[in-house]
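Here is a short report on one structure. Look over the sequence and the model before reading on.

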Amino acid sequence: MKQKKKSELFGFGKGWGTIVFCLLMFWFYAGMVNDSSNIVAPAVAEKLGIPAGSVLNMGTVAAMIGVIFFFVMGAVNRKIGPRVTSFICLILAGAGYFGMGHANSLFVYAFSLCVCTIGAMSAGYIAGGAFVTQWFPKKKGIVMGYTTMGHNMATGFFVPLITFLVARLGVTNAVVIPAVLVIVLALAGLLLMRNTPQERGINPDNVSDEEYQKEYFIEETGKDGGWTVKKLFRLKGFWMVAVASGGFQFVSTIIITQLVVRNMELGFSQIQATTIMTVLAFAGIFGSWLIGAMDQKLGTKKTMIFFGIWYAAALFIEVTEVKACVYIFLVMFALALGGSANFTTSLPAAVFGRHGFEKVNSVLFPIQALVSSLGFCVNGNVLNATGSLRMSYVIAGIASLLVVVLVLFIKEHQYNRDFMTEAEAEAFTKKLEKM
């Protein structure tokens with residue numbers, strides 16, 4: 001029993017390479033698109049002589065424009081697989097980040113941010129989601145706990161790095177080093193990654209042949225698992241999964257993209273606020289693993305309910321603006337940091353399974369991204385209207401509780417063939433064909 005538990009949490013064999021690659025893609029996504037907005041957005045605003053809120057609002061613009069391209073990248077991923085898709089997307093991310101620092105107008109910044117957002121998010125969530133679901137269909141909870149450590153590491157390492165580089169080199173030159181590093185990762189992935197574990201000579205979840213034959217659905221279902229856009233759009237469960245998994249990302253976007261600014265509002269210096277982010281990030285590495293382990297042990301649905309209540313409680317404590325309560329919030333947030341990203345893949349994978357996941361995710365992820373992107377809009381408009389981010393945290397707390405209510409009505413393995421008996425899977429396939 002003890003050995004089995006250890007295998008569930010650490011026994012990934014050759015799959016560790018896939019986990020580390022996905023972790024690094026999340027590191028660059030969180031660092032370039034979310035976390036560094038604490039530093040890059042104000043620096044660009046100062047450089048261009050415009051309000052910081054106007055630059056922040058470009059995050060929502062980029063994500064909304066990105067929705068169209070996420071459909072495109074999802075289709076590309078289905079055609080050529082996550083290995084080549086991640087290569088293309090990481091190159092785009094690097095080029096876009098370079099352009100953000102070299103922008104000489106708000107339009108150029110917005111265009112570059114669009115390219116960076118499309119590339120980085122598609123790499124982490126579309127290509128990365130395909131990697132995780134194909135390699136770890138029943139261990140995706142704990143695996144996402146590992147990969148989302150990249151979000152925390154971005155907060156811990158990327159923010160201090162870009163803060164140092166902007167202070168020493170200016171924003172124009174500061175973006176060059178991360179842009180080059182993400183392109184190096186793209187090349188490494190193209191050379192070393194494989195689309196499925198079978199290409200490495202192992203089974204999904206690194207299980208034995210006997211267990212794979214007995215515990216997994218191995219019949220052929222076609223490339224898209226029988227799913228079409230029309231069939232997905234007709235399912236209430238599809239919309240519930242898309243909004244719920246995107247909802248926690250919406251909450252996290254509100255918090256993490258302006259956490260330094262918010263803490264400075266509460267009396268911390270910029271150095272103190274940046275240091276707090278670094279400390280939170282290191283604590284959040286454990287938090288990501290803990291949420292992943294809970295997902296693996298309790299299931300995605302129960303974990304999301306706990307997570308949402310915890311998140312809301314932390315936010316409502318913070319908005320009291322009492323110094324002691326702020327510290328309590330920071331401790332609670334540290335454990336939650338990165339957890340929301342776990343559910344963007346874990347929940348869809350739990351409900352729909354690995355059969356046709358690339359098709360499902362190509363339709364679902366753009367909706368997640370749209371929901372998440374509204375966090376930039378909330379921060380930008382609240383900051384411009386009130387001069388403070390306090391109301392943003394109130395909105396985030398309410399949103400977290402609404403996600404909990406939505407999750408209560410989701411059936412965790414509703415369309416997942418790996419959790420059906422053979423007869424149930426056959427009946428579901430026939431039902432899907434008639435839809």
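Predicted model: local features only at pLDDT ≥ 70, side-chain atom pairs only at ≥ 80, totals over all residues.

Is Leu432 buried or exposed?

## Leu432

Leu432 has a relative accessible area of 2%. Buried means under 20%, so Leu432 is buried. Leu432 sits in helix 22, which runs over residues 422-434.

Set aside the neighbours within four places in sequence. Leu432 then contacts Gly225, Gly226, Trp227, Lys231 and Arg417. Thr228 lies 204 residues away from Leu432 in sequence. In space, their C-alpha atoms are 9.8 Å apart.

## Thr221

Thr221 is in a loop. That loop joins helix 12 (209-215) and helix 13 (229-233).

Again, neighbours within four places in sequence are left out. Thr221 is in contact with Gly226, His355 and Arg417. Gly226 and Arg417 are also among the contacts of Leu432. His355 is 134 residues from Thr221 in sequence. The C-alpha to C-alpha distance between Thr221 and His355 is 6.9 Å.

## Helix 21

Helix 21 covers residues 390-407, 18 residues in total. At 1.5 Å a residue, helix 21 should span 26 Å. The end C-alpha atoms of helix 21 are 26 Å apart, so the two values agree.

Which residues of helix 21 are buried? They are Ser392, Tyr393, Val394, Ala396, Gly397, Ala399, Ser400, Val403, Val404 and Val407. These buried residues pack against helix 14 (236-256), helix 15 (259-265) and helix 17 (300-318). They also pack against helix 18 (323-336) and helix 20 (357-386).

Technical notes:
Residues numbered from 1 in each chain as written. Heavy atoms only, no water. Helix = DSSP H or I, 4+ residues; strand = E, 2+ residues; numbered from the N terminus. Buried < 20%, exposed > 50% of the residue type's maximum accessible area, 1.4 Å probe, protein only. Contact = heavy atoms within 4.5 Å. Expected span 1.5 Å × (residues − 1).
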